[in-house]
Every structure is written in structure tokens, then in C-alpha cells.
Amino acid sequence: MEKLKFKPNGRALIPFAIFVVVYLGIGITLVAGGDPMGFYGFKGPIAVIVGIIVAFIMLKGSLDEKFDVLIKGCGDSNIITMCIIYILAGAFSVVSKQMGGVESTINLGLTFIPPHFVAAGLFIICCFLSLAMGTSVGTIAAVGPIAVGLAEKSGVPMSLMIGTLIGGAMFGDNLSIISDTTIAATKTQGVDMRDKFRVNLVLAAPAALITVVLLLIFGRPTIQIPAQSFDYSVIKVVPYIFVLVAALLGVNVFVVLIGGIILSGVIGMSYGIFGALQWTNHMYDGFNGMFEIFLLSMLTGGLAAMVTEAGGMEWLVIKIKKMIKGKKSAEVGIGALTMLTDAATANNTVAIIIAGPIVKELCQEFKIDPRRAASLLDAFSCVMQGIIPYGAQLLIACKFTNGAVSPVSLFPFLWYPFFLCAALVVSIFIPFNIGVIKNNPWNFEKWEPTK
């Protein structure tokens, strides 16, 4: 059956625009109605379904042709690969947490970090935990009560401690190889996670280092905190270290995640924390926890395929290209597009999935290394997600303070996201290539064309 194929057509973008407007509009309405978590009360997949229905009504072609394009988009190999990685990452996160990995990691850090470095220590703990877990929200939920308690005991301003908590959580959200943002960014650009990590680390490390230095200076406690020892097990931290090291060594991500799940399961059963049946149930809980982003990615892929076949994406790319004069302005465009999309959806993974195909077109046109593009996509989305007052990260973190801190009042203390943004902008106008990019320039001729 012949696919829908039309010339560049701006009208074809209407279904995609309706998806974003519905998602944004209902979220704003819920927030205005008094629900601070309103953006997460309405589920994204339903908004995509609305866009798909509009696409079926508006776009040309028979019902069978349009359905064929939708299914091919949902079943695209990159989309399916991305979704399988999502559920495996979810399983690893839940199993390792139930095994006691999160608690041991936090207690290990609290035991060895000097009390007078409490703010900087909190940031480092959050950086490692989010890097290991691959989730900023999970990190904030786990460490949030501890951050509030440390602020109350040390005299360090509560806003500074909560801003530090969010910064450390966003560090791993951006860099972790099992983060849904990393999965989405690398799969939309067709690059390896290890390569994206190495490129991204050069941008994130200076921002993190500056944040630590400032916290050492301005985050010193005004009340003396006695040193304490907490219960921890180094063995329970091993699965996180295994996943990080194996991924950086270039081991296949499926092997890495399955190995991490097995290792966490063996440790949990050895300590008598859960049995074999409970282990499998924890794995399934992890699958369920990723269901929304799984479904959202699949349906968004289908909607994007329909819009693309009808000429919508081609029209948008042509318009964007007219505003771009070269490689630097193209990278600025990638950053602006990603941040605006994240601001509209309040979800950095959704922003990457929407912007990804357009970014790949820009990479092909202006010869931007896709490893660099994946890094920009992920980092810019995490910058915006880490500062918007209606994002889940700020809302959940502030909830732990019982009204003492509001998302808006956190703005001056979100140091890491701002320093990361500064590093990204500097890297655009003062370009530098390191490691994988310098030694292995990208072969654009062998790059798979955008579908």
C-alpha cells in the first residue's frame, strides 16, 4: 500500500499543535484550580490520542493509509528499542531500591561527608544517586526529607538546601545512561549512550564543580552538627556501580540493565529482603512505572509519522532553516526549540521526543555531530525542567518543606541548572571537540537518513 506523501504543508502540523495545546491547557487549568501538581494530573498519552484523532480527520488519504502510517510510526525500530530500554531501566530502579540500594547509598554518603560540608555533601550524594538511578524525581523523593532535616539542624537556608537537592537530581537526569532523557536523546539521534555521555560530561562537570565550590563557601552550617554513623552496606551499592561502569565500557545497554537487575535480585535474596517471586513482582512494578512514558513515546512516534508523511515536519524544518545562518545558530536553535518545548509540556523526555526528529534534520543540513546534538537536546531540556516552577522536580521538592519554600522562591538557588546552561551557551560560541568527537569524526555519508 502506498504511503501518504505530500509536499511541505504547515497545516499538517495542526494535530501536533493540538496535542501540545491540550496537554499545556489542561495542565494550566488544573494548576489555576488549586492543584499544584496539575501538569501531572492529566496524562500525556490522552493528549496524544486527541492529536491522533485530529490527524485522522484533517490529513489527506484513506483511513487505511493513515492507519498504516500510524502503526509504522508507533512500531519504528528506534521507538520500540527506546521503549524496551525504558521498562528495563524501570525494573532495575525498583529492584535495586527494594533491595536497599538507595538507602545504603544515602547513608554511605552521610557517614563519610564531614558535617561542615553538609550542603556540598548533599549535592554530591544527589549527583551520584541520580546518576545511578536515572531519575531526578526518584532522587528528590528519596533524599527530600533528609535535605529538609539537614537544613533544620544545620541552619543552612532551606531554599539553598532544596535548590541543591534539585541541582544534584538534574545532574544525573541529564547524564545517566538509564535516564529516560538519555534514552530518548540518543535514540532520536542514532548515537551510542557512551558517546553521548562522554560529550555531555565535559559540559556538566564544570557546572557541577562550580556548584560544589560555591556550596562549600556559602553553604556552611551556622549550627554545629555532630558527626554520625549510619547503617549502610557497600554490597548494596555495587549494582549501581556495575551499571555505570559497564555502560561506560561500551557494554550493550540491554546486557547492562539485565545484569543490574539480576545482581540486585541476587543481593536482595541473599540478604533475605525478598524472595524470588517478590523479585519478579518488583521487576514488574518497574515495568508499570514506565508505562506512561512507554505509551507516550509510542503514540508520539505514530503521530509524528502521520505529520511527517503529510509534509508538516518538512514545512517546519524549512521555516527553521530560513532563520539559521550556520552551525552556531543551528545549535542555538536546537537549544531554544528544546527549552520552549519543555516549557510547554513540563516534561523533558516529551520535549526530546518532539524535538528529536527536527534536530536530526538540522544535524544533516548543518553537519552538526549527532553526539553533540544528543548532548544539547538532553542538557537543554534538563536545564529548563530544573527551573520551571510548575515542573514535577520543584513541586515535589517544595512539598517536603510544608510550605516553607515555594517553587518561585527557589529560583535564585538553582545554581547547577544555571551553570549548566551557561556551559552550553559558551560551548556553542567557543566550540571545542574532545575525546570521541575529536578522534572519531562523524561520517555523515553513512548516517541513516531521517525517516
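Predicted model: local features only at pLDDT ≥ 70, side-chain atom pairs only at ≥ 80, totals over all residues.
Colleague: What shows where empty space is left?

Modeller: The general idea is to roll a probe the size of a water molecule over the atoms. Here the structure holds one cavity of 30 Å³ or more, and the largest cavity has about 30 Å³ of space.

Colleague: Which residues line the largest cavity?

Modeller: You can pick out F123, G163, T164, G167, T211, L215, F413, W415 and Y416. Two or more lining residues come from each of helix 8 (158-175), helix 10 (193-218) and helix 20 (415-429). Helix 8 gives the most, with three residues.

Colleague: Now a helix. Which way do residues three or four places apart point in an α-helix?

Modeller: They point the same way, because an α-helix has 3.6 residues a turn. Take helix 16 (residues 327-345) as the case: its buried residues are A330, E331, I334, G335, T338, M339, T341, D342, A344 and T345.

Colleague: What do the buried residues of helix 16 pack against?

Modeller: Their partners are helix 1 (14-32), helix 17 (348-366), helix 18 (370-385) and helix 20.

Colleague: How far does helix 16 reach from its first C-alpha to its last?

Modeller: Helix 16 has 19 residues and reaches 27 Å, close to the 27 Å expected at 1.5 Å a residue. After helix 16 comes A346, with a positive phi near 55°.

Conventions. Residues numbered from 1 in each chain as written. Heavy atoms only, no water. 1 Å grid on protein atoms, 1.4 Å probe; cavity = no way out; pocket = protein on both sides within 12 Å on 5 of 7 lines; lining within 4 Å. Points joined across faces, edges and corners; volume = space filled by probe spheres on them. Helix = DSSP H or I, 4+ residues; strand = E, 2+ residues; numbered from the N terminus. Expected span 1.5 Å × (residues − 1). Buried < 20%, exposed > 50% of the residue type's maximum accessible area, 1.4 Å probe, protein only. Contact = heavy atoms within 4.5 Å.
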